[in-house]
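Please examine the sequence and the model before reading on.

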There are 2 protein chains.
Amino acid sequence: MFTGLSGFPITPFTDDQIDHSAYANLINRLADTQIDSICALGSTGLYPYLNTKEKEQAIQIAVEHAGHIPVLAGIGSLRLRDVLANAEQAEKLGVKGLLLAPLSYQRLTQEEVYELYRQVAEQVSVPICVYDNPPATHFTFTDELHTEIAKLEMIKSIKFPGMPFEKNGEQRIQQLKAILPSDVTIGVSGDVFAPSGIQSGCDIWYSVLAGLFPRTAQHIFYRAQQCNSKQATELSQKFDPLWVLFSENLGGMRVMASAAEILGYAEAPCLPSPLTGLNTESQAILHKLISELELI
Amino acid sequence: MFTGLSGFPITPFTDDQIDHSAYANLINRLADTQIDSICALGSTGLYPYLNTKEKEQAIQIAVEHAGHIPVLAGIGSLRLRDVLANAEQAEKLGVKGLLLAPLSYQRLTQEEVYELYRQVAEQVSVPICVYDNPPATHFTFTDELHTEIAKLEMIKSIKFPGMPFEKNGEQRIQQLKAILPSDVTIGVSGDVFAPSGIQSGCDIWYSVLAGLFPRTAQHIFYRAQQCNSKQATELSQKFDPLWVLFSENLGGMRVMASAAEILGYAEAPCLPSPLTGLNTESQAILHKLISELELI
């Protein structure tokens with residue numbers, strides 16, 4: 001399940017509540033495109049911002065509308081107690097895989113993070129993807145820690161941050177494959193790095209772009225599989241204006257939220273306070289890019 | 001109220017629940033020492049780890065046992081909705097001041113943070129301290145943003161991170177006093193920086209040390225007020241082995257939790273999973289330091 005193209009949709013809000021019909025439409029769109037999995041509550045889906053009831057609503061909608069496409073869900077929380085409750089709820093609602101990031105407010109030690117994964121892995125019945133996302137969690141995994149966690153029975157994938165595959169990608173993948181169990185897949189994230197990551201041998205692309213523009217992401221994914229290193233770089237460069245917009249707006253979430261509003265998939269403003277979408281100027285650039293880059 | 005010495009106690013847990021009697025004892029201890037305020041739910045008190053019910057319990061205990069000493073409470077949360085609910089609950093329970101940090105998972109813009117404070121400041125009836133704590137919130141305030149937020153009617157203090165007063169402290173305080181309204185107090189945190197901060201003219205010390213060792217912190221506070229710059233540095237240096245332990249353990253929270261266990265103020269383990277206290281070796285060092293530095 002943790003292979004291929006995985007789409008991370010936004011969770012659209014209206015009046016500070018989940019917009020059920022808008023969210024159902026977004027999931028339908030992903031299901032129609034036949035991507036390999038849908039992550040209902042990724043970082044782009046704002047899982048740490050939702051209360052228990054809202055997480056239940058989002059997962060229910062996603063599972064109902066995903067058809068036969070497996071739904072994943074983020075279960076991270078500051079407390080182990082809450083991570084376990086999130087996992088239990090998600091499993092009951094039919095989720096096929098769990099994404100677990102070591103959320104922190106007080107910084108965590110390598111030992112605490114290992115113990116977190118060990119305890120969660122012991123209690124769940126669906127596989128877990130280790131969500132390694134330093135800009136959001138402020139925790140940095142060592143290779144040694146990844147290796148130890150990956151030995152736990154229910155761990156089946158690692159969602160790496162983008163950077164590790166940017167330079168010497170193939171070498172880095174070989175190195176990871178050598179230290180990780182063979183049934184643990186290696187995932188690239190940070191869409192700008194995806195072509196190089198896929199070309200270098202990553203098993204799965206955990207994609208923000210695919211959450212709203214699944215056909216474009218699918219196209220990039222298939223192309224990247226057939227690229228050499230130079231072509232992969234060029235493939236990413238084609239979308240540079242979009243990656244610049246991601247970067248200028250602290251990541252892809254706000255860009256995708258604004259794109260959903262522009263295209264009528266969500267009502268503006270679709271993010272919960274204090275989060276906001278793009279400013280007017282960036283919205284105009286995005287509007288133009290959607291057609292210029294033929295994002296679909 | 002936002003002047004003098006403010007103590008930030010831990011919130012002791014037992015079996016992953018708040019240990020009511022241990023917490024009441026800690027608050028009694030602070031009340032006996034007559035420090036100037038008690039922050040019930042600071043970072044050291046793990047406010048983002050507590051659910052609504054636990055926050056209610058902690059504040060109730062703190063207000064009940066603080067006597068006439070004003071109780072402050074942290075109200076930060078990722079969602080504005082939850083910040084407002086935390087504020088409302090804290091006010092109803094008798095809290096006299098609110099600490100608000102711009103918690104983030106998705107990084108926040110300066111505009112979003114201003115708007116967060118503006119909306120909260122409009123709806124509360126007790127004063128707010130701006131909680132500027134980049135290691136925990138991963139948000140960096142500009143001086144311009146501090147100035148704009150400080151103009152809001154209910155903003156009455158800023159808890160600065162330690163660093164700004166380490167070098168050229170007096171100059172920095174003069175600069176801040178010049179750009180901030182005169183009724184907004186300037187607070188130092190990061191206990192290692194406190195003597196220099198106080199000597200340089202900070203109005204309040206938001207202190208982790210004072211949360212468990214209020215008499216020692218009080219002694220440092222009074223001494224620092226009478227120091228010159230060199231003496232303030234020496235005053236801090238006396239406690240260097242303790243600051244080293246703070247730094248090696250990612251901040252003061254784990255050290256204070258272990259100290260509370262060592263001294264019998266809390267049952268071990270007193271932190272909620274995945275957080276853990278000091279390892280055996282560091283505990284032994286701490287045990288020795290408590291008597292060598294005469295921490296009381």
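A:K159 is buried, at a relative accessible area of 6%; buried means under 20%, exposed over 50%, and partly exposed in between, with a 1.4 Å probe and protein chains only. This is a predicted model, in which local features need pLDDT of at least 70 and side-chain atom pairs pLDDT 80 or more, whereas totals for chains, interfaces and linings use all residues. Residues are numbered from 1 along each chain as its sequence is written, chains are lettered from A and ligands numbered from 1 in the order in which they are written, and side-chain values use heavy atoms, without hydrogens and water.

The unreviewed UniProt entry gives the feature "active site" at A:Y131 and A:K159. Although they span 29 residues in sequence, no two of their C-alpha atoms are more than 5.0 Å apart, so they gather at one spot. UniProt positions follow the numbering used here, feature names are shortened, and annotations may be inferred rather than shown by experiment.

Contact means heavy atoms within 4.5 Å. Leaving aside neighbours within four places in sequence, A:Y131 is in contact with residues including A:F8, A:L99 and A:K159. With residues up to four places away likewise not counted, A:K159 touches A:F8, A:L99 and A:Y131, among others.
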